[in-house]
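This report describes how the elements of a two-chain model are arranged. The sequence and structure come first, and the description follows.

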Amino acid sequence: MESLSNRKKVIEQRPMNFWERIYLPAIARGLSITIKHFFKKIPTVKYPEQIRPYSKNFRGQHSLKRDELGRERCTACGLCALSCPAEAITMTSAERKKGEEELYREEKYASVYEINMLRCIFCGLCEEACPKEAIYLDGPHVTADYLRKDFIYGKDKLVEPKFDITKLAQ
Amino acid sequence: MAEEEVKFRVSIDGIPVDVAPGTTILNAARQIGGDIVPPAMCYYSKLEGSGGKCRTCLVKVSKGSEKDPRPMPKLVASCRTTVMDGMEVENITSPDVVSARKAVVEMLLINHPLDCPICDQAGECKLQDLGYEHGEEQARYEFARRTFEPIDIGDKIQLHMNRCILCYRCVYVANQLTNQREHGILYRGDHSEISTYIENALETDFIGNVIDVCPVGALTDKTFRFKNRVWFTKPVDAHRDCPTCSGKVTLWYKGADVLRVTGRKDEFGEVDEFICDTCRFDRKQTSDWKLEEPTPVEKYSVIGSNHYPEFNPPAVIKEDKKLQTANKEQFARTEKLK
């Protein structure tokens, strides 16, 4: 029967000759390719110890910022949670008590602030929505973990550590 | 012989409407509805004598009446100007009105602290809407804003004098709904402030309505203070048999909890019926109320965002009981988010 497409190829199957039957030249050729790779420059880096330069607008893990006096900037206005397309952010707000003025910038603050890193798509809309410049996606990659509950990052992981602005300027 | 009902024909932005004599231009525009309704910060249809203070409802009268077709020399406050037969009014079609309104918004915002991220009114604030729709993007005012020492006016109502735009609505509420008024405006001009007489607590049955009538966040519910943002709560209409008021309210739900009780508001942000303080502050259990239906929310309102009619897990999980139990905590969180 005539083939429909005319693309049919009849593969010729001939018995191997002597050189092909001893396999040695083929092995030598294969090894030479392997050995050539030993002397090539390795494109990979040893990741946790060595980190490649990142793009300036790379978006990694969120961090809740402090102001120049070390007070938390976040006022729990909820605009990040509102703008979040993945609905990864939840928060509970509380009123600042007397004597906590050096902890929180405004009279309202977030007592609980949680980001579900499994839901988060790192789009950066929370950063854009924030009226207080309190959240930035400037951290490293979010690391892998075993349990779902461990991906819900609270304030303990998100709030940046206190820093001394005078030393930072130097 | 009964007199024939007289109707005045006015046209607002070219749309004709027949209204009874004595109707204000603002109310005539509200009968038409839509975009041509001038915004109003101080006028409140349920409060007698309100209006004429904020000047956001300025309109241009391009033809006074049929008998005297001369235009009015200046822009007029539509909440205080009554219609005449054959009057022609320009609102959004007049560039004068648009620029005047822009100036009024800027004026109102001069002393407003713009602390919307903290304010509990954000999301249902009339001044926010006004600034967004009619205002400039950038404020030009660069001097120190007027500030007041915070005053405690009771455990139910929170006063933030800094945010006040002096619309006098709350004063009218106290005058007209309650038998004794304890608060009012002190001082004059730029120094005016709302305060209670020797900081007396406002303790009457209907004083909670000052929260609903306040167009900004100057008077807010202290029992709802910082509990949640307005747009994360879900409004549901409900009623109960109340001996003092109509008992028709809107409950603001977060999950299963009633966070706040307010009066039902119409499309112009005015409550239909004033509710008493017992309904507002003391009945915060679902069991106290007979639920009716979710409050209809405007399509593009921030209050309608992130609300879904029902909890809807992915199909894979819906089928699999094992996955459901494994992710129980996760579901509880998702529920909480709504």
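## Helix packing in chain B

In this predicted model, helix α2 (residues 95-108) of chain B and helix α3 (residues 126-134) of chain B have axes that come within 10 Å and cross at roughly 140°. Axes are lines fitted to C-alpha atoms, for helices over the stretch in contact, and angles run from 0 to 180 degrees between N-to-C directions. Helices (H or I, at least four residues) and strands (E, at least two) are DSSP runs, numbered from the N terminus.

From α2(B), the residues B:R101, B:K102, B:V105 and B:L108 meet B:L127, B:L130, B:G131 and B:H134 of α3(B); contact requires C-beta atoms, placed from the backbone, within 7 Å. This contact comprises four nonpolar, two polar and two charged residues. Ala, Val, Leu, Ile, Met, Phe, Trp, Tyr, Cys and Pro count as nonpolar, Asp, Glu, Lys and Arg as charged, and the others, Gly among them, as polar.

## The sheet of chain B

Chain B has an open sheet of five strands in the order β2-β1-β5-β3-β4, with mixed pairing; strands pair if DSSP finds at least two bridges between them. Strand β3 (residues 58-63) and strand β5 (residues 88-90) of chain B are antiparallel, with three bridges. B:K60 has B:E90 in β5(B) as its bridge partner.

Helix α1 (residues 25-32) of chain B lies across β1 (8-12), β2, β3 and β5 of chain B, at about 115° to β2(B). Helix α2(B) lies across β3 and β5 of chain B, at about 160° to β3(B).

## Annotated span

An unreviewed UniProt entry places "domain: 4Fe-4S His(Cys)3-ligated-type" at residues 96-135 of chain B; such annotations may be inferred rather than shown by experiment. The end C-alpha atoms of residues 96-135 of chain B are 14 Å apart, and this span is 55% helix and 0% strand.

## Contact between the chains

The contact involves 16 residues from chain A and 14 residues from chain B. On the side of chain A, strand β2 (residues 89-95) of chain A gives the most, with four residues. That side has four nonpolar, four polar and eight charged residues.

## Conventions

Residues are numbered from 1 along each chain as its sequence is written, and chains are lettered from A and ligands numbered from 1 in the order in which they are written. For this predicted model, local features need pLDDT of at least 70 and side-chain atom pairs count only at pLDDT 80 or more, whereas totals for chains, interfaces and linings use all residues.

Methods:
Contact = placed C-beta atoms within 7 Å.
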